[in-house]
Amino acid sequence: MGGAVRLAASLLLLLLPPQSAEAGCTRAIRAPMAASGRLVIVENGQVDGVWPDLLRQVGEAVGCRFEMTPMPRARLELEFLKGQQLDLLISATRTEERDLRGLFVPLLHQPMVLLTRSTDAGRVGNLAALRKSSWRMAVPRGFPFSAEYRALVAELEAERRIDTVNDIDAVGRMLRAGRVDFALLSPPQAQAAATDGLVFQRFDGLPLMEVGLYLSRLNLAPADLSLLRDALSRSAREGQVRRAFLRYYPPEVADLNQP
């Protein structure tokens, strides 16, 4: 009789779906995203790209489901800082204001790159040369990048060399029209913008940016916060972030990323 029960139990286990090694999240994780080149591709209300791919892989590994829906970038920031409908902000750089609401999880480091007209390529390639020039800078709203970047913007703003624009597309239009001379962007942003006479190059003189995501301390249960932090950190250490980039970007862009 005991053998029959054990056999039946064994057969039942074989019929059950495979379980994650992790316990899984206690609920679906709300992770709306804004379109951003190939990092987040929005088509017909669906999101794909580097970051959605990464979250789906991590979720499958640890038993978490991410609700990824399109949302304008300005609203994303507002929801994270003041709302209750967002559990995860990706991608993001670290700021004091965001630290009040969330736990920052670094995923990679990136250099700033210089976007210019092709006729200006190579004329200014580092911070010292930029300071000696009279070049005007286009600054897209909503991208704080790093403390050093923000200090440079403040320095140039004091010299009246800044034009603030709404988005990356506006940066390109301003450059082509000759109203500004350059912008400093992340490599994926610059790669998307470098069309119709625009080119980019690595910019020397600013430290690497720490790029990652924020998990909401206020909205997520402590167990979910810990599980996601560990799983996402592991994905960076084990090369999942790099592999996700290489599915959407050429090596010359992906290789600018560093662990």
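User: Why is R160 called exposed in this model?

Analyst: In this predicted model, R160 has a relative accessibility of 72%, and since the label exposed applies to values over 50%, R160 counts as exposed. R160 is found in the loop between α6 and β9 (162-165), and its phi is near 60°, a positive value in a residue other than glycine.

User: What makes F145 buried?

Analyst: F145 has a relative accessibility of 7%, and because buried means under 20%, F145 counts as buried. F145 lies in the loop between β8 (137-140) and α6, and phi of F145 is near 50°, which is a positive value in a residue other than glycine.

User: Why is the packing of α2 and α9 called oblique?

Analyst: Helix α2 (residues 50-62) and helix α9 (residues 222-237) pack at an angle of about 120°, with their axes 10 Å apart. That angle makes α2 oblique to α9, because roughly perpendicular covers 65 to 115 degrees and roughly antiparallel requires over 145, with the rest counted as oblique. The crossing in which α2 passes α9 is right-handed.

User: How do you know whether V62 is buried or exposed?

Analyst: V62, which lies in helix α2, has a relative accessibility of 2%; because the limit for buried is under 20%, V62 counts as buried. V62 and G24 are 38 residues apart in sequence, while their C-alpha atoms are 5.5 Å apart in space.

User: What makes R56 and D48 a salt bridge?

Analyst: The closest N and O atoms of R56 and D48 are 3.3 Å apart, and because a salt bridge requires a side-chain nitrogen of Lys or Arg within 4 Å of a carboxyl oxygen of Asp or Glu, R56 forms a salt bridge with D48. R56 is partly exposed, with a relative accessible area of 37%, and D48 is partly exposed as well, with a relative accessible area of 36%.

User: Where in the chain are the partners R247 and D53, and why is D53 called buried?

Analyst: The side chains of R247 and D53 meet in a salt bridge of 3.4 Å, N to O. The pair links distant parts of the chain, with R247 in the loop between α10 (240-246) and α11 (251-254) and D53 in helix α2, 194 residues apart. D53 has a relative accessible area of 15%, and because buried means under 20%, D53 is buried.

User: Why is T116 called buried, and which residues does T116 touch?

Analyst: T116 has its place in strand β7 (residues 113-117), and its relative accessibility is 2%. Because buried means under 20%, T116 counts as buried. Not counting residues up to four places away in sequence, T116 touches A121, W135, L175, D181, F182, G197, L198 and V199.

User: Which residues of helix α3 are buried, and what do they pack against?

Analyst: In helix α3 (residues 73-82), the residues L76, E79, F80 and L81 are buried. The buried residues of α3 pack against β5 (88-93), α4 (96-99), β6 (102-110) and β12 (209-216).

Definitions and conventions: Residues are numbered from 1 along each chain as its sequence is written. This is a predicted model: local features need pLDDT of at least 70, side-chain atom pairs count only at pLDDT 80 or more; totals for chains, interfaces and linings use all residues. Side-chain values use heavy atoms; hydrogens and water are left out. Axes are lines fitted to C-alpha atoms, for helices over the stretch in contact, and angles run from 0 to 180 degrees between N-to-C directions. Helices (H or I, at least four residues) and strands (E, at least two) are DSSP runs, numbered from the N terminus. Angles under 35 degrees count as roughly parallel, over 145 as roughly antiparallel, 65 to 115 as roughly perpendicular and the rest as oblique. A crossing is left-handed if the near helix is turned anticlockwise from the far one by less than a right angle, and right-handed if clockwise. Buried means under 20% relative accessible area, exposed over 50%, partly exposed in between (1.4 Å probe, protein chains only). Contact means heavy atoms within 4.5 Å.
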